[in-house]
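Hi,

Here is the structure I promised to pass on.

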Amino acid sequence: MNVMGIIFANDATLGALTDKRTMASLPYGGRYRLVDFHLSNMAAAGVRHVGIITRQNYQSLMNHIGSGEEWGLELEQGGLEFLTPYAMSATDSYHGKLEAIHEAMDFLEYGGDDEYVITSDSAIISNIDLQDVLASHIASGKDVTVVTKAGIANGQKQLDLALKLDDKGQIQDVAVDYIAPAGYLASMDIFVMSKAYLRNTVREFISRNLFHMDRDLILGQWQKNAITLNVYQFSGTALYNESLTEYFHNSFALIDPDVRHDLFGGYHPVFTKVRDRVPSYYGECCSIENSIVADGCVLEGEVENSVLFRQVTICKNAKVKSCVIMNDTVVGEGAQLEYVILDKDVVVHPGAKLCGTPHHPLVIKRGEIV
């Protein structure tokens, strides 16, 4: 079955961390970017024609993906396309995903003989078997399949799209931007539909000033009984990085062996851009506890419950606790850090003290000297 994929790179939603990069290119887990999970999911499912929709700050994303070779989606073979820019109205505003797809309509029009489309959002990562999702969609005979996750709704987190099923598994309620109580299913922002249905729907909706996938297509059409929905419930790990606090705590989730195995040892491998580095150096007096350490680091201080990306330097007598430290950052001698996110190329002066809180981590921008 021929399937094409659309990945929404998403623009800034995490403050300083996404000022100069899309959500898709946000570093995660010491070696990866969020987009790696979506590209790997699609490549493993045999999706060989993928479009990445983004609007701005996409240079970092393009540098990371390169030719797409790591995922078997080489640009020169038409397997991967960057669909940018889009949604540039008079006010440079972005209305919704349907508008974004409309601006990239040529991708759908001239996408070969692909019969189905899988759309995916960068902020939510998982290791999911999209072949099984597609099989469920085809077997259901419904217009759209929505991939969902139980246990996310808790009466505190606002969900972009929430669905509730009755005892017979039929949809009882659909809501958008809703602080759903426990018992609702949270959309993972993965949708499956036929290419013809998506193409015709986008044209129809844009002509009527309707732009939103969740509100206008899913909720609006469901309320009118004008759409049939198949709900696919994913049982594996799904991490929602829709706020700075969520991203911070999801970074530490990888320290849990069960979560780590589910994300990286699940249905398929997760591929990323290859960057060969020397092994990390552990000094004679260093202390590293309950942490993830990428290659190329120089560690001579104390690190606890933290995630260190490539080529991080922790100098002597420095103490790092519950921190996310990205590539090529240097923490000076005797510095003390707790609940801090250091972006790339940050330099922390010797003796400096930086402290955030578990729910409000301190973020230091890329290239800053503190």
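**Helix H1**

Within H1, the buried residues are Leu34, Val35, Asp36, Phe37, His38, Leu39, Ser40, Asn41, Met42 and Ala43. "Buried" here is under 20% relative accessible area, with exposed over 50% and partly exposed in between (1.4 Å probe, protein chains only). That makes H1, which spans residues 34-44, a mostly covered helix, with 10 of its 11 residues buried. Just after H1 comes Gly46, whose phi is positive at about 85°. Helices (H or I, at least four residues) and strands (E, at least two) are DSSP runs, numbered from the N terminus.

Some ground rules before the rest. This is a predicted model, so to speak of local features we need pLDDT of at least 70, and side-chain atom pairs count only at pLDDT 80 or more, while totals for chains, interfaces and linings use all residues. Residues are numbered from 1 along each chain as its sequence is written, and side-chain values use heavy atoms, with hydrogens and water left out.

**The sheet**

There is an open, parallel sheet of 5 strands, in the order E16-E19-E22-E25-E28. The edges are strand E16 (292-293) and strand E28 (362-364); each has a single partner strand, so one side of each has no neighbour in the sheet. Two strands count as paired if DSSP finds at least two bridges between them. E25 (residues 340-342) pairs with E28 in the parallel sense over 3 bridges, and Val340 has Leu362 in E28 as its bridge partner.

**The cavity**

The lining consists of Leu159, Asp160, Leu161, Ala186, Ser187, Tyr240 and Glu242. Strands E9 (158-165) and E11 (185-194) are the elements that give two or more residues to it, and E9 has the largest share, with 3 residues.

**Cysteines**

A disulfide is a pair of cysteine sulfur atoms within 2.5 Å, and by that rule the count is 0. For Cys286, the nearest cysteine sulfur is that of Cys285, 8.3 Å away. For Cys315, the nearest is that of Cys297, at 12 Å. Cys315 counts as partly exposed, because its relative accessibility is 21%.

Cheers

Conventions: On a 1 Å grid over the protein atoms alone, a cavity is a set of points where a 1.4 Å probe fits but cannot get out, and a pocket is an open set with protein on both sides within 12 Å along at least five of seven lines; lining residues have an atom within 4 Å of a point.
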